[in-house]
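Please keep the sequence and the coordinates at hand while reading.

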Amino acid sequence: MFSDERTMIHRVVENFVRTGSTEDGQVKITCLAEGKSSAIEYVGGESRSIMLDEYKVDGVSVWAGYSSRSGMVFISPVKNK
């Protein structure tokens, strides 16, 4: 993954953890169900899997990933154990 993509994802995750917001002026965000570590993306009649990585901010874990195809960040809170 490119470092600018990782930086963007981390910014989105920090904002989500600290404010609960899925709004960002630079990228689209889709919040998935809790505990999802992958997503299926449908673009132009085709589908593909987006694998999410675990990010930790302020002791909170969130699964997140980016699709350059759609310009979207996918996020999913990690289930509490």
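The model is a predicted one, in which local features need pLDDT of at least 70 and side-chain atom pairs count only at pLDDT 80 or more, whereas totals for chains, interfaces and linings use all residues. Residues are numbered from 1 along each chain as its sequence is written, and side-chain values use heavy atoms, with hydrogens and water left out.

**The sheet**

Four strands make up an open sheet of mixed pairing, in the order 1-6-5-4; helices (H or I, at least four residues) and strands (E, at least two) are DSSP runs, numbered from the N terminus, and two strands pair if DSSP finds at least two bridges between them. The edges are formed by strand 1 (28-31) and strand 4 (53-57), each of which pairs on one side only. On average, neighbouring strands of this sheet are turned by 35° against each other, direction ignored. The angles rest on axes that are lines fitted to C-alpha atoms, for helices over the stretch in contact, and run from 0 to 180 degrees between N-to-C directions. The strand pairs are set out below.

| Strand pair | Bridges | Direction |
|---|---|---|
| strand 1 and strand 6 | four | parallel |
| strand 4 and strand 5 | five | antiparallel |
| strand 5 and strand 6 | six | antiparallel |

In the pairing with strand 6, Lys28 has Met72 as its bridge partner. Val57 stands opposite Val60 of strand 5, and Trp63 stands opposite Ser76 of strand 6. Strand 4 and strand 5 form a hairpin with two residues between them, where Asp58 in the turn has a positive phi of about 55°. The hairpin of strand 5 and strand 6 has four residues between the strands, and Gly71 takes a positive phi near 65° there.

**Helix and cores**

Helix 1 (residues 3-19) packs on the sheet and touches strand 1, strand 4, strand 5 (60-67) and strand 6, its direction making about 55° with that of strand 4; contact here means heavy atoms within 4.5 Å.

In soluble globular proteins, nonpolar side chains tend to be buried together. A nonpolar core is a set of buried Ala, Val, Leu, Ile, Met, Phe, Trp, Tyr and Cys residues joined through side-chain atoms within 4.5 Å, where buried means under 20% relative accessible area, exposed over 50% and partly exposed in between (1.4 Å probe, protein chains only). The largest such core has 13 residues, and among those with the most contacts inside it are Ile9, Val12, Ala64 and Ile75. Helix 1, strand 4, strand 5 and strand 6 each supply at least two residues of this core, and helix 1 gives the largest share, five residues. A second, separate core of six residues includes Ile50, Leu52, Met72 and Phe74.

Ser61, in strand 5, counts as buried because its relative accessibility is 17%. Its side chain makes a polar contact of 3.1 Å with the side chain of Glu54, a polar contact being a pair of N or O atoms within 3.5 Å; within protein, one must be able to donate a hydrogen and the other to accept it, and residues adjacent in sequence count only if both atoms are side-chain atoms.

Lys56, in strand 4, counts as exposed because its relative accessibility is 61%. Not counting residues up to four places away in sequence, Lys56 touches His10 and Ser61.
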